[in-house]
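Dear colleague,

Please find the structure handed over below, together with its sequence.

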Amino acid sequence: MNLVLQGLDDCKARLERIAALTAPTNITWLNERALRCEGITFSPALRQTIEVAAQAAQLDATYSIGVHKMSEFKLVAMDMDSTLITIECIDEIADMQGLKPQVSEITEAAMRGELDFSESLKRRVALLEGLEASALERVYDERLRLSLGAEAMLKAVQQAGLKTLLVSGGFTFFTSRLKERLGLDYTHANELEIVDGRLTGRVVGGIVDAEEKKRTVERVCAELGISPSQAIVMGDGANDLKMMSISGMSVAFRAKPVVREQANVALNFVGLDGILPLLT
């Protein structure tokens with residue numbers, strides 16, 4: 001069994017301290033902020049010890065059998081809000097209406113899996129009725145920021161020949177701009193209805209919920225002639241679990257507990273480029 005430990009900033013001493021707890025047969029430094037402990041004797045007690053110690057040291061710990069290679073994968077699929085980008089777009093749009101607390105409360109409950117996503121989205125979008133469509137541009141220009149490590153991760157996987165998919169319960173206004181900006185291959189999201197320059201409070205067509213996200217990953221994989229097991233899928237909320245479940249590597253990024261518990265990889269401290277030390 002192997003264990004990859006990684007962190008931010010000057011973390012070498014912390015990495016070495018946690019690595020020593022595993023009594024590895026070998027330690028390989030993957031970069032200045034990540035190392036792999038090889039040949040550790042896995043046990044539930046050791047795992048609990050490492051996880052508690054790593055959390056306290058603000059390090060991410062990922063277990064694996066053997067070593068994964070970038071060449072094993074052909075697609076990286078990502079959620080958008082709070083994964084590829086730092087914000088929940090609908091919450092920031094709602095802020096333009098003075099309704100951010102009300103919408104954020106519904107968003108958080110949906111992401112924890114406490115509310116049906118489709119119904120929660122309809123409720124949130126309805127609150128946006130009458131808002132000038134120009135508010136979307138303001139959110140993109142003033143508030144949308146890429147998550148830590150996003151550009152480095154995308155550059156590495158694209159150079160390695162992997163295709164990229166942005167599949168979101170958010171909105172096409174943002175995914176289309178990110179597709180062009182980042183050179184993404186595929187995007188799929190909800191479309192807000194706009195009439196006479198204002199939001200109607202409705203979504204055009206079907207809603208991109210958990211099942212549709214999963215179908216989208218399957219559809220893109222089929223188009224590429226690959227298996228979903230050759231996809232890396234990243235997300236943060238309950239709405240991402242179905243598409244993550246069919247992947248070869250599921251990555252929970254700054255995720256809700258229900259997602260961290262079910263993912264192969266949980267990145268709580270490092271950026272999205274934290275997947276790179278996991279892929280030789």
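The expected span of a helix is 1.5 Å times one less than its number of residues. Please keep in mind throughout that this is a predicted model.

Helix α4 covers residues 100-111. Its twelve residues reach 16 Å from the first C-alpha to the last, close to the 16 Å expected at 1.5 Å a residue. Which residues of α4 are buried? They are V103, S104, I106, T107, A109, A110 and M111. The cover over these buried residues includes α3 and α5, the latter spanning 117-126. Just after α4, G113 adopts a positive phi of about 85°.

The packing of α4 with α5 can be described in more detail. The two helices meet at an angle of about 170°, and their axes are 10 Å apart. Angles over 145 degrees count as roughly antiparallel, so α4 is roughly antiparallel to α5. On the α4 side the contact is made by V103, I106, T107 and A110, and on the α5 side by S120, R123 and R124. Sorted by class, the residues of this contact are three nonpolar, two polar and two charged.

Leaving aside residues up to four places away in sequence, S118 touches I207 and D209.

Helices α6 and α8

The crossing in which α6 passes α8 is right-handed. L136, E137, V139 and Y140 of α6 make the contact with F173, F174, R177 and R181 of α8. By class, this contact has five nonpolar residues, three charged ones and no polar ones.

Within α8, the buried residues are F173, F174, T175, L178 and L182. Of these, F173 and F174 also take part in the contact with α6. The elements that cover the buried residues of α8 include α3, α6, α7 (150-159), β6 (163-171) and β7 (186-195). Just after α8, G183 has a positive phi of about 70°.

E142 belongs to helix α6. With a relative accessible area of 44%, E142 is partly exposed. E142 and M249 are 107 residues apart in sequence, and their C-alpha atoms are 33 Å apart in space.

A buried loop residue

T83 is placed in the loop between β5 (75-78) and α3 (89-95). Is T83 buried or exposed? T83 is buried, as its relative accessible area is 0%. Not counting residues up to four places away in sequence, T83 touches S147, M234, G235, D236, F253 and L272.

Q58 has a positive phi of about 60° although it is not a glycine. Q58 sits in the loop between α2 (44-56) and β4 (60-64), and is partly exposed, with a relative accessible area of 49%. D196, also not a glycine, has a positive phi of about 55°. D196 lies in the loop between β7 and β8 (198-204). At 76% relative accessibility, D196 counts as exposed.

The end of helix α1

Finally, A20 is found in helix α1, residues 12-20. At 57% relative accessibility, A20 counts as exposed. How far apart are the C-alpha atoms of A20 and C37? They are separated by 8.9 Å, while the two residues are 17 residues apart along the chain.

With kind regards

Terms used. Residues are numbered from 1 along each chain as its sequence is written. This is a predicted model: local features need pLDDT of at least 70, side-chain atom pairs count only at pLDDT 80 or more; totals for chains, interfaces and linings use all residues. Side-chain values use heavy atoms; hydrogens and water are left out. Helices (H or I, at least four residues) and strands (E, at least two) are DSSP runs, numbered from the N terminus. Buried means under 20% relative accessible area, exposed over 50%, partly exposed in between (1.4 Å probe, protein chains only). Contact means heavy atoms within 4.5 Å. A crossing is left-handed if the near helix is turned anticlockwise from the far one by less than a right angle, and right-handed if clockwise. Ala, Val, Leu, Ile, Met, Phe, Trp, Tyr, Cys and Pro count as nonpolar, Asp, Glu, Lys and Arg as charged, and the others, Gly among them, as polar. Axes are lines fitted to C-alpha atoms, for helices over the stretch in contact, and angles run from 0 to 180 degrees between N-to-C directions. Angles under 35 degrees count as roughly parallel, over 145 as roughly antiparallel, 65 to 115 as roughly perpendicular and the rest as oblique.
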